[in-house]
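This report sets out selected structural features of the model shown below.

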Amino acid sequence: MMDTSLFFQAIDLVFTPFNLSMIVGGMLLGVFFGALPGISSSMGIVLMIPFTYYMGIMPSVILLVALYAGSAYGGSITAIMFNTPGTPEAVATTFDGYPMAKKGEAGKALGLAMTASAAGSIFSILVMLMLSPTLSKIALKIQSAEYFALTLLGIACISSVGSKNLIKALITGCIGILIAMIGLDPMSGVSRLTFDKIDLLGGVEFIPVMIGAFAMAEILKQVVDKATSEGFEGSEKISLATIKFKEFMQYKWTVLKSSIIGTAIGILPGTGGSIASIVSYGEAVRSCHNKEDFGSGKPEGIIAPEAANNAAAGGAMIPTLVLGIPGSPTTAIILAALVLQGLQPGPQLMTEQPLMLYAIFFSMLIASIIVFFGGRVAVKAFAAVLKLPYSILASIIVMFSIIGSYAIGNDMYQVWVMLGFGIFGFFMKQYDFSPATLILGLVLGKMMEENFRRQLLLTNGDYNSFVTRPISLVILLFVALVLFYPAIAKLFKKKQK
Amino acid sequence: MKKYLSVAIVGLLGLGLALVGCSDKSSDSSKADQEVYPQRPVELVIPFGEGGASDIFARKFAEMMTKRLPQPIQPVNKKGSGGLKGMIYAAQQNNDGYTILEITPSHVIADAMDKSPAVKLLRDFEPLTRIQSDIYILGVPKNSKFTSFKDLVEYGKTNMVTFAGISPGGLDDMTLTALADATGMKIRFIPYKSGSEVKAAVLGGEVDIYLDKVISAINYIKDGSIRPILVLNNKRIDKIKEFKEVPSSVELGYDVTIGSWRGFVVKKGVPQEIKALLIKTMNEVYNSQEYQKFAELNLVNIREGFLNAESFSVDLEKQYKLFDGIARKVGLK
């Protein structure tokens, strides 16, 4: 599969000072865009496209993929520090990341996230280097029925998130799904729950909901609690110490498992990191003996979602490059950018420009390796931000929340949505409902409904088709396992006694 | 200390706001009308998100127009509700020529389906030029049982055939409905969220037939994974060798040549000389070597896309009647 002479040629091509500086620059920009809630990595790439006109093909492609690789890390930074995921993929990182930061171990939390991210990413890129064409062929076997089963798996994992209060988690999950129903019906195009408002016709975007329910709600809560007028639990307590490589190694199995889950889900066109991170988090909870520790700053709770969502970001590049079918919205933009550069991603890239393909993989790999080694040091700078007094920090977050929401559609409507969900999220927090399940319901609900109904449309309403397709059946069995595992485990324990 | 800092920050923010306010006022003043247009950047509203075909085209076109005007043409994405939000935004701006709107068939369909009673493309806007016209093709996966469009029509008369496309009630849906009506086939439209999901579904064999633009399908056709069976045009595509043997719809006796197109409009009431300047600039860009190269790269040079204001206006009316007719016939309206 791998042609060694091409391999070395690609290394030769990438390792020029200019190209390396593009990798580092692109990665840093990506981290920055990824960290800002609302300013998505796709927007970052669109902003960079005009600059690439003036560079050669190779440097511009390198810049864009490094930016993409970097943006996948960024989302976790704000998730950990401010309980505000920079991207929907990082929602699951807030579960344990934020509590750990609250305990004063922001440096450790960021270090874990960075290292796990880089490891996940490196894993998926290695898979890409070796198995791209084969895997993308298999990915095509995953169709509507399987996608439905996968989203169901994601939703079933909500139960592990809300292990403390299952009923409340399910209520917010359902509200999320209900919000997902607003807009045009995905199958018939009829408008639903829009109340003749043109803004609602396009549905509710999850980014402003996310910024509102996480960032704004958190600030409102902090202000109301008044506990933080002197900084983040007293700024002296913030530990900038990150983790040593050796410490990290004890989590190697969690990293590996999450990377596999992430890569596998990421390859499928039309899924993306959100499902990957929640499924991986759910699996980490399931396989752990001390389930109660999750949600209060357990290292595995940070590692699992971060390794998975970064592996998914890498995985999403596989169908993009090999089939010309982007695996996520951001890779769709990368695809467009590559086309603008005169490249034709798709089946022919492999045969006509294999060198380009390897060069792309290498740039992503180098970007990830830099994060792996440099990331743990760099997080100190981020963690130090928490030493700022909360009054200043909060103002900055509010400012970015407004800019981020506005930037989605360049209009005020999204800002109102964000503020509305800020207030809603505040009350959710007051009464111990989880905003994370709301977002997951919203993100997964759309996909679940669409694929469920499409499968029925394709099969003339045959409900059996969900279980007669082998892959779909296997995933559905996993769903059953996730849902009933606690009950079954209890049953077994009783019998043993 | 902390107090001073916050006062300073508030002061700075206030100053910033004041400055923004001032600049808005000065640019809105009526003075600008008497001087030569354009006095300030002209906004080009792209009613879709970043990265799509409409976005890439409009950005490139704006860049080339900027080179020929004293002020930049500034592309702004106003996405949402299938292009409606951008159109409504453009309708809310002054008719002073500082807002141009990019339009596609989605906007005509929105008119025909009466999606936004408050703002109507044909009532509230005036066409400048149409620039591009894309051709739709039908294809089947390489291992499909259908070898020609004739086979498909025969089979489709008694059996249900599934077609993949995007946006129910949108252009793909309309095109297929028109085709079903013309051929007597039983078509089931299976909508997907994006073009890439459509491709995945077709390559994976989830649906029978693939409907897409030439540029989106070409790679799979060259690669052999998709076999083209029909070109929705009045003649064959001779410029691309893979299409030479593929019949056109008109040649087979079905008058369905619906495809996507992109053009520019301004709000009604923009002064004549401003419109003339914009049209002249667009003409120049269209005829430039740089644009033609771009068009060739994106395969939008197969069917003549350019229409001047008058013919574009006539064409829009025609398209409205067409979509209105289809919508009524199948009960979408």
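Apart from neighbours within four places in sequence, A:Ile402 is in contact with A:Val415 and A:Met418, contact meaning heavy atoms within 4.5 Å. The model is predicted, so that local features need pLDDT of at least 70 and side-chain atom pairs count only at pLDDT 80 or more, whereas totals for chains, interfaces and linings use all residues. Residues are numbered from 1 along each chain as its sequence is written, chains are lettered from A and ligands numbered from 1 in the order in which they are written, and side-chain values use heavy atoms, with hydrogens and water left out.

A:Ile402 belongs to helix H17 of chain A. Helices (H or I, at least four residues) and strands (E, at least two) are DSSP runs, numbered from the N terminus. With a relative accessible area of 34%, A:Ile402 is partly exposed; buried means under 20% relative accessible area, exposed over 50%, and partly exposed in between (1.4 Å probe, protein chains only). Between A:Ile402 and A:Trp416 there are 14 residues of sequence separation and 9.2 Å in space, C-alpha to C-alpha.

A:Val385 is placed in the loop between helix H16 (354–384) and helix H17 (390–409) of chain A. A relative accessible area of 31% makes A:Val385 partly exposed. Residues up to four places away in sequence not being counted, A:Val385 touches A:Met81, A:Phe82 and A:Leu393. The C-alpha atom of A:Val385 is separated by 36 Å from that of A:Ala359, 26 residues apart along the chain.

**A buried glutamate in chain A**

A:Glu306 sits in helix H13 (residues 299–322) of chain A. Is A:Glu306 buried or exposed? A:Glu306 is buried, because its relative accessible area is 0%. Its side chain forms a polar contact of 2.7 Å with the side chain of A:Thr93 and another of 3.3 Å with the side chain of A:Asn309. A polar contact is a pair of N or O atoms within 3.5 Å; within protein, one must be able to donate a hydrogen and the other to accept it, and residues adjacent in sequence count only if both atoms are side-chain atoms. Leaving aside neighbours within four places in sequence, the contacts of A:Glu306 include A:Ala72, A:Ser76, A:Ala90 and A:Ala113.

Axes are lines fitted to C-alpha atoms, for helices over the stretch in contact, and angles run from 0 to 180 degrees between N-to-C directions.

| Helix pair | Angle | Axes |
|---|---|---|
| H5(A) (residues 93–139) and H11(A) (residues 252–267) | about 40° | 10 Å apart |
| H9(A) (residues 206–225) and H18(A) (residues 412–430) | roughly 50° | within 6 Å |
| H2(A) (residues 17–35) and H4(A) (residues 57–82) | about 35° | 5 Å apart |

H5(A) and H11(A) are oblique to each other; angles under 35 degrees count as roughly parallel, over 145 as roughly antiparallel, 65 to 115 as roughly perpendicular and the rest as oblique. H5(A) passes H11(A) in a right-handed crossing. A crossing is left-handed if the near helix is turned anticlockwise from the far one by less than a right angle, and right-handed if clockwise. Among the residues that make the contact are A:Phe123 and A:Val127 of H5(A) and A:Leu256 and A:Ile260 of H11(A). By class, the contact of H5(A) with H11(A) comprises nine nonpolar, four polar and no charged residues. Ala, Val, Leu, Ile, Met, Phe, Trp, Tyr, Cys and Pro count as nonpolar, Asp, Glu, Lys and Arg as charged, and the others, Gly among them, as polar.

H9(A) and H18(A) are likewise oblique to each other, and their crossing is right-handed. Residues that meet here include A:Phe214 and A:Leu220 in H9(A) and A:Met418 and A:Phe426 in H18(A). The residues of this contact divide into 15 nonpolar, five polar and three charged.

H2(A) passes H4(A) in a right-handed crossing. The contact of H2(A) with H4(A) has 16 nonpolar, nine polar and no charged residues.

**Chain B**

Chain B contains 13 helices and 10 strands, and buried residues make up 55% of its 333 residues. Of the contacts in chain B with a separation of 6 or more, 76% are accounted for by residues 24 or more positions apart.

In helix H10 (residues 214–223) of chain B, the buried residues include B:Val214, B:Ala217 and B:Tyr220. B:Gly224, with a positive phi near 90°, follows H10(B).

B:Asp124 is found in helix H6 (residues 121–124) of chain B, and its side chain reaches the backbone nitrogen of B:Lys120 at 2.8 Å. Not counting residues up to four places away in sequence, B:Asp124 touches B:Ala118, B:Val119, B:Lys267 and B:Lys268.
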